[in-house]
Amino acid sequence: MPTQETVTVFTPEEIEKFKTEAFSKFGNGEPKYQQPAAYILMLNTGLRTGNCWACSTANINLEDKYLEV
């Protein structure tokens, strides 16, 4: 019978660093990255880049808390 194995891709500390960098700003206050929320969405869901960019607000159900891809 197959066994399950837990694979950790990023540690919690690495995820926090990623999030901090994604929303970081230059000294003049301008954001370093154009779509930081998209990077966080991909990190948390495993979405591929193309799927993420194809999403629109019509794909998001805030009431039932799901994203339709």
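1. A word on terms before anything else: a residue is called buried here if its relative accessible area is under 20%. Keep in mind, too, that this is a predicted model.

2. Start with helix α2, which runs over residues 36–45. Its buried residues are Pro-36, Ala-38, Ile-40 and Met-42. Who covers them? The cover over the buried residues of α2 includes α1 (12–22) and α3 (49–54).

3. α2 is followed by Gly-46, and the phi of Gly-46 is positive, near 85 degrees.

4. Now the aromatics. A search of the whole structure turns up 1 aromatic pair.

5. Which helix gives the largest share of its lining? That's α2, with 3 residues. Both α2 and α3 supply at least two residues each to this lining.

6. If you want to click through the pocket, its lining residues include Gln-35, Ala-37, Ala-38, Leu-41, Cys-52 and Trp-53, along with Ile-60 and Leu-67. Ala-38 is also among the buried residues of α2. By class, the lining of the largest pocket has 8 nonpolar and 3 polar residues, and no charged ones.

Key: Residues numbered from 1 in each chain as written. Predicted model: local features only at pLDDT ≥ 70, side-chain atom pairs only at ≥ 80, totals over all residues. Heavy atoms only, no water. Buried < 20%, exposed > 50% of the residue type's maximum accessible area, 1.4 Å probe, protein only. Helix = DSSP H or I, 4+ residues; strand = E, 2+ residues; numbered from the N terminus. Contact = heavy atoms within 4.5 Å. Phe/Tyr/Trp six-rings, centres within 6.5 Å; stacked < 30°, edge-to-face > 60°. 1 Å grid on protein atoms, 1.4 Å probe; cavity = no way out; pocket = protein on both sides within 12 Å on 5 of 7 lines; lining within 4 Å. Nonpolar A, V, L, I, M, F, W, Y, C, P; charged D, E, K, R; others polar.
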